[in-house]
Amino acid sequence: MRILFITHIFSDIHVGGEVQGAWGLSHELAKLGIKIYVVSCFTEIKESKLHPNIKVYTVPGCQKIPNFTKPYMLKTFFYSLPLIFFKKIDIIHLIPTNGPHPFSRFKLRPFVSTADLPYDYEDKEFLDDINY
């Protein structure tokens with residue numbers, strides 16, 4: 001199986017939950033023998049070694065920003081198209097979801113999007129849900 005991960009930052013320095021999720025999930029799947037292709041707007045790997053089943057592609061012309069913007073989503077879409085066909089990608093996984101990505105509209109392959117839900121940790125109802 002071959003999975004394409006699309007994320008705005010791919011790094012071993014866990015600056016946030018999305019970065020940590022993308023790093024951890026890609027490595028755990030790679031350990032299972034799945035080929036992982038990561039398309040990222042910004043890549044920074046300093047302390048860890050990349051698993052041999054992971055190949056990272058950094059989209060040129062992007063800057064390190066906290067979230068995907070519409071232009072960056074479009075850039076990752078066009079950058080990923082050749083990979084999908086030449087690497088015979090089975091599943092496309094978007095991390096994070098900051099709006100509709102073009103892959104959600106054009107059904108080229110099965111598309112999965114990680115839910116990025118904003119939680120109000122001060123809300124008593126939310127705290128009751130996690131402290132049941």
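**Figure 1. The whole chain at a glance.** The chain exposes about 8000 Å², and carbon and sulfur atoms supply 57% of that area; accessible areas come from the Shrake-Rupley method with a 1.4 Å probe, and for residues only the protein chains shown count as cover. What you're looking at is a predicted model, where local features need pLDDT of at least 70, side-chain atom pairs count only at pLDDT 80 or more, and totals for chains, interfaces and linings use all residues. Residues are numbered from 1 along each chain as its sequence is written, and side-chain values use heavy atoms, with hydrogens and water left out. The secondary structure comes to 4 helices and 5 strands, running β-α-β-β-α-β-α-β-α from the N terminus on. Helices (H or I, at least four residues) and strands (E, at least two) are DSSP runs, numbered from the N terminus. Of the 132 residues in the chain, 36% are buried; buried means under 20% relative accessible area, exposed means over 50%, and partly exposed is in between (1.4 Å probe, protein chains only). Take the contacts between residues at least 6 apart in sequence, and 55% of them join residues at least 24 apart, a contact being heavy atoms within 4.5 Å.

**Figure 2. A patch of positive charge on the surface.** Arg2, Lys35, Lys55, Lys87 and Lys88 gather here. Patches are made of residues with over 30% relative accessible area and no salt bridge, with like charges joined within 9 Å and nonpolar side chains (Val, Leu, Ile, Met, Phe, Trp, Tyr) within 5 Å. Lys and Arg count as positive and Asp and Glu as negative, while His and the chain ends are not counted. The place of each charge is taken as NZ of Lys, CZ of Arg, CG of Asp or CD of Glu. Lys35 sits in strand S2 (residues 35–44) and is partly exposed, at 34% relative accessible area. Lys88 is in the loop between H2 and strand S4 (91–94) and counts as exposed, because its relative accessible area is 59%. Its backbone is worth a look too: phi of Lys88 is near 55°, a positive value in a residue other than glycine. For context, most residues other than glycine have a negative phi.

**Figure 3. Two salt bridges.** How many salt bridges does a search of the whole structure find? The search turns up 2, a salt bridge being a side-chain nitrogen of Lys or Arg within 4 Å of a carboxyl oxygen of Asp or Glu. Side chains of opposite charge can pair when their charged atoms come close. Glu28 is partly exposed at 45% relative accessibility, whereas Lys31 is exposed at 55%. Lys46 forms a salt bridge with Glu44, and the closest N and O atoms are 3.3 Å apart. Lys46 is exposed, with a relative accessible area of 58%.

**Figure 4. Ile54 and its surroundings.** Ile54 belongs to strand S3 and counts as buried, since its relative accessibility is 6%. Setting aside neighbours within four places in sequence, Ile54 is in contact with Ser26, His27, Ala30, Ile36 and Val38. Ala30 is 24 residues away from Ile54 in sequence, yet their C-alpha atoms are 6.6 Å apart.

Figure 5. Is Cys62 buried or exposed? Cys62 is found in the loop between strand S3 (54–58) and helix H2 (70–86), and counts as buried because its relative accessibility is 15%. Beyond its neighbours within four places in sequence, Cys62 is in contact with Cys41, Tyr72 and Lys75. Its C-alpha is 6.8 Å from that of Phe42, 20 residues away in sequence. Pro60 lies in the loop between S3 and H2 but counts as exposed, at 57% relative accessibility. Not counting residues up to four places away, Pro60 touches Lys75 and Tyr79.

**Figure 6. His8 in strand S1.** His8 has its place in S1 (residues 2–11) and is buried, with a relative accessible area of 3%. Thr69 is 61 residues away along the chain, and the C-alpha atoms of His8 and Thr69 are separated by 9.1 Å.
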